[in-house]
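Welcome! Open your viewer, and let's walk through this structure one selection at a time.

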Amino acid sequence: MDNMKLKLKVWRQGGKYAKGQFVTYDLDGVNDHMSFLEMLDVLNEKLINLKEDPIAFEHDCREGICGTCSLVINGYAHGPMQQTTACQLHMRHFRDGETITIEPWRSRALSHREGPGRQPRCL
Amino acid sequence: MANPCFTQIHPTCIPVSGEYQSKLTLMSESLRNDGRVWVPKKQDDAAAIREGKKTGLEIPEADRDYYLERRYPAFGNLVPRDVASRAAKTACDEGLGVSPTGLAVYLDFDAAIERYGKSRAHSLNEYNADDMRIRELGVGVIEEKYGNLFEMYEKITGEDPYVMPMKIYPAVHYTMGGLWVDYNLQTNIPGLFAIGEANFSDHGANRLGASALMQGLADGYFVLPYTIGTFLSQEIRNPKVDPEGPAFKEQEARSQARIDKIMGINGTKSAETFHRELGKIMWEYCGMARNAEGLQKGRRMIRELREEFWSNVYVPGRIKEYNPELEKALRVADFLELGELMMLDALDRNESCGGHFREEYQSEEGEALRRDDEYAYVSAWEWDDKDPILHKEELIFENVELKTRSYK
Ligand SMILES: Cc1cc2nc3c(=O)[nH]c(=O)nc-3n(C[C@H](O)[C@H](O)[C@H](O)COP(=O)(O)OP(=O)(O)OC[C@H]3O[C@@H](n4cnc5c(N)ncnc54)[C@H](O)[C@@H]3O)c2cc1C
Ligand code: FES
């Protein structure tokens, strides 16, 4: 299938201290052979063409080796597939018309700025 | 930069599936220990496979061409990477490719599954095992040996390689060239040493399996610990370098100016678009097989692309934030220069040697023709925006004799 339509709910935040929020993007023309990151590349190319800020995400090997691609997809680290990094997660595992939530990895273990009353939601 | 044209192409990569792809994933070469490479003998069969009307399983044995086994009977599927890669290209150029893009050959484990199945049945004393049982046992052995690779292949392609033969195609893997260093692994900038994949020093024109280990040991264990000490011993009495000094300020201003310039262009095309265009030019004109005309054309195209880049790239975001697009744009700017240098080096080297195959220099059987009399030198290039300058370093062999390899 090469024309999947997706609704992407992406966490956007200008910087460490900026207030973040979810922004929803409609993306069509997604090929089911694409990896999750390639799908985001396609979205970014569209955003750049519209002179909007693309989504910044980490990646390195894109081969499932290094673990740099640290996205939380639909509430799961690296997405819902077992033993699969986000760069090796392919769009054939999603449904046409699906809404996908994409958030950054949450790691607060070393943060000393957070008071006990401000614990992040556990994922 | 030395020997930039020597590029290793890896024969066992997962083929192209679409324009959006960020890379062609490499699978371990160990697969060729047991996999047999083939394409259909008939163009009609290959066309039917490409159109999805047939699968590889429907091509009878007699209509398959195990071309590596045929052309290189002594080494068969285990010929070196450059030979296996070029042979795949030849097969696909003849219209025998087996994926919708026409750029793929089969890597088939069927014979290995049967062979291992029989031998396992034998060792389990199952002398009456039927075909199904033999297959089951054979698949078990293949799974033990290559399970992780088969899983990776299935993840990416969505096809089960235990059932359908794998499809592979060559892709760029490694550049034997790199930063020029002297015998002590020091670059032309005093105090800047380059070791490992970043330098050009160990591989020559080609590179064999496990050579990263060799290079890690050679550069990092046997050479650098001694040579860097020699350098530092002369520096030890020097006062600490002042980061506010003029050299630092000058370089900082230069880097800042470059960043400001690239952010200020505010054109219409993303860095990614330029990167992809550059990649296509490199693959087309400086890929597995090169010729003078193509290289000249490729160099012109890169120059035009570079001009367009510096007048029309669009880098979104701001300077003082995490901005991967800015980082990418700065890299693509470098790649545009490096790509041109690769074309130039390939053009200068009028011979076929290791990871550099020039169509004009091949034997009647299509094998690489080296020209040691004229080209036994390292090409060390000094960058110049108009015309990079070549410094030749003659290769002198004292203990070994130059030979032509043969895998027949
Ligand atoms: C998928 C794959 C499979 C391979 N398989 C084989 C194989 O089977 N056999 C084999 O021999 N070779 C193989 N290779 C090649 C081999 O792995 C590499 O050639 C080798 O690891 C290179 O080692 P290196 O130390 O020179 O460089 P690298 O391992 O690349 O190290 C460079 C380091 O520099 C760091 N760095 C980069 N920029 C900066 C900076 N600005 N400041 C500070 N640090 C920086 C990087 O983070 C990295 O840690 C393979 C390569 C790949 C990608
Ligand atoms: S980018 Fe390396 S594992 Fe995903």
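This is a predicted model: local features need pLDDT of at least 70, side-chain atom pairs count only at pLDDT 80 or more; totals for chains, interfaces and linings use all residues.

Where the two chains meet, 25 residues of chain A are in contact with 26 residues of chain B. Together the two sides bury an area of about 2000 Å², and carbon and sulfur atoms give 48% of that area.

Now select A:I48, A:K51 and A:E63. In chain A, these three lose the most area to chain B, and together they make up 25% of what that side buries.

Stay at the boundary between the chains. How many salt bridges are there between chain A and chain B? The count is two. To see a salt bridge, show the side chains of A:D53 and B:R318, which meet with an N to O distance of 2.6 Å. There are also 13 residue pairs in polar contact between chain A and chain B, counting pairs with both residues at pLDDT 80 or more. If you colour the side of chain A that touches chain B by residue class, you will find seven nonpolar, eight polar and ten charged residues.

Residues making the contact include B:I113, B:Y116 and B:G117 of α5(B), and B:L137, B:V141 and B:I142 of α6(B). By class, this contact has nine nonpolar, two polar and seven charged residues.

For the last stop, think about salt bridges again: over all chains, the whole structure has 46 of them. Select B:R36 and B:E69, a salt-bridged pair whose closest N and O atoms are 2.8 Å apart. Which parts of the chain does this pair link? B:R36 sits in strand β2 (residues 36-40) of chain B and B:E69 in helix α3 (residues 67-71) of chain B. The two residues are 33 residues apart, so the pair links distant parts of the chain.

Definitions and conventions
Residues are numbered from 1 along each chain as its sequence is written. Chains are lettered from A and ligands numbered from 1 in the order in which they are written. Side-chain values use heavy atoms; hydrogens and water are left out. Contact means heavy atoms within 4.5 Å. Buried area is the accessible area (1.4 Å probe) that two parts lose on being put together, summed over both. A salt bridge is a side-chain nitrogen of Lys or Arg within 4 Å of a carboxyl oxygen of Asp or Glu. A polar contact is a pair of N or O atoms within 3.5 Å; within protein, one must be able to donate a hydrogen and the other to accept it, and residues adjacent in sequence count only if both atoms are side-chain atoms. Ala, Val, Leu, Ile, Met, Phe, Trp, Tyr, Cys and Pro count as nonpolar, Asp, Glu, Lys and Arg as charged, and the others, Gly among them, as polar. Helices (H or I, at least four residues) and strands (E, at least two) are DSSP runs, numbered from the N terminus.
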